[in-house]
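Dear colleague,

A short account of the findings comes after it.

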Amino acid sequence: MKANERSLARREPKQERSRHSVEAILEAVQRVVNRHGAKAITTNRIAEAAGVSIGSLYQYFPDKQAIFAALHDRHVDDVRRVMTRAIADCATASFKDFTRELMEGLADVHAKDADLHDIIATAVPEGAPGFKSALQATLGKVISPSRQERYTPEATQRILFILPHLMEALAHGAADRRLSVISRHDAKGEAIRTVLAYVNSCENGRLSF
């Protein structure tokens, strides 16, 4: 059985105690990273940090890849919540205000446990294209007909191609734990400023910078 097939075969928790065990296992991965580093992650160390037996861990996760896949799914849920909240909070706001709040939320969710996100991104490489597709769908919903007078059809096409790539790269870049010449707070501010500068450039189809 291939790794991805084993990952798909993991048992889903149905009882409250089982769900608690799964959450403990997922939460334990960050503690293992903090104590031993990313290269030292093993199922034995994860089980020890979670306070469960290795047998219990294997009931739900047949291998490390399955654990990383579950962590990725949880991250996707966090990102979806950010997108949903931005849409709800900016229902009557300008597109610039929406992109500002969305970029800020994405930067925050990626900055949380950033080193773990790096590991997940390597283990689940299909996550980045999925993130960009979700961003494109969300932005497409927000650029409604009522906003079309500010964005020509050509500008809308450019936005829905460029902006998801830009926001995905900036969200991950601003969370990079290896930042040295700029703080994460300043990196987040620059990410938001860059996104808004691009959105401004697309208004009425003219470049404004």
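This is a predicted model: local features need pLDDT of at least 70, side-chain atom pairs count only at pLDDT 80 or more; totals for chains, interfaces and linings use all residues.

The largest nonpolar core holds 29 residues. Those touching the most other members are Phe95, Phe98, Leu102, Leu106, Ile159, Leu163 and Met167. At least two residues of this core come from each of helix 5 (64–89), helix 6 (95–111), helix 8 (127–142), helix 9 (153–174) and helix 10 (184–202). Helix 10 provides the largest share, seven residues. Leaving aside residues up to four places away in sequence, Ile159 touches Phe95, Ile143, Tyr151, Pro164, Tyr198 and Cys202. A second, separate core comprises 27 residues, among them Val22, Val29, Val52 and Leu57.

Helix 10 has 19 residues, which at 1.5 Å a residue should span 27 Å; its end C-alpha atoms lie 27 Å apart, so the two values agree. Its buried residues are Ala187, Lys188, Ala191, Ile192, Val195, Leu196, Tyr198, Val199, Ser201 and Cys202. Helix 6 and helix 9 are included in what covers these buried residues.

As to helix packing, the axes of helix 5 and helix 8 come within 11 Å and cross at roughly 15°. Angles under 35 degrees count as roughly parallel, and helix 5 is therefore roughly parallel to helix 8. The crossing of helix 5 past helix 8 is right-handed. In this pairing, His72, Val79, Met83 and Ile87 of helix 5 meet Gly127, Phe131, Ala134, Leu135, Thr138 and Val142 of helix 8.

Yours sincerely

Methods:
Residues are numbered from 1 along each chain as its sequence is written. Side-chain values use heavy atoms; hydrogens and water are left out. A nonpolar core is a set of buried Ala, Val, Leu, Ile, Met, Phe, Trp, Tyr and Cys residues joined through side-chain atoms within 4.5 Å. Buried means under 20% relative accessible area, exposed over 50%, partly exposed in between (1.4 Å probe, protein chains only). Helices (H or I, at least four residues) and strands (E, at least two) are DSSP runs, numbered from the N terminus. Contact means heavy atoms within 4.5 Å. The expected span of a helix is 1.5 Å times one less than its number of residues. Axes are lines fitted to C-alpha atoms, for helices over the stretch in contact, and angles run from 0 to 180 degrees between N-to-C directions. Angles under 35 degrees count as roughly parallel, over 145 as roughly antiparallel, 65 to 115 as roughly perpendicular and the rest as oblique. A crossing is left-handed if the near helix is turned anticlockwise from the far one by less than a right angle, and right-handed if clockwise.
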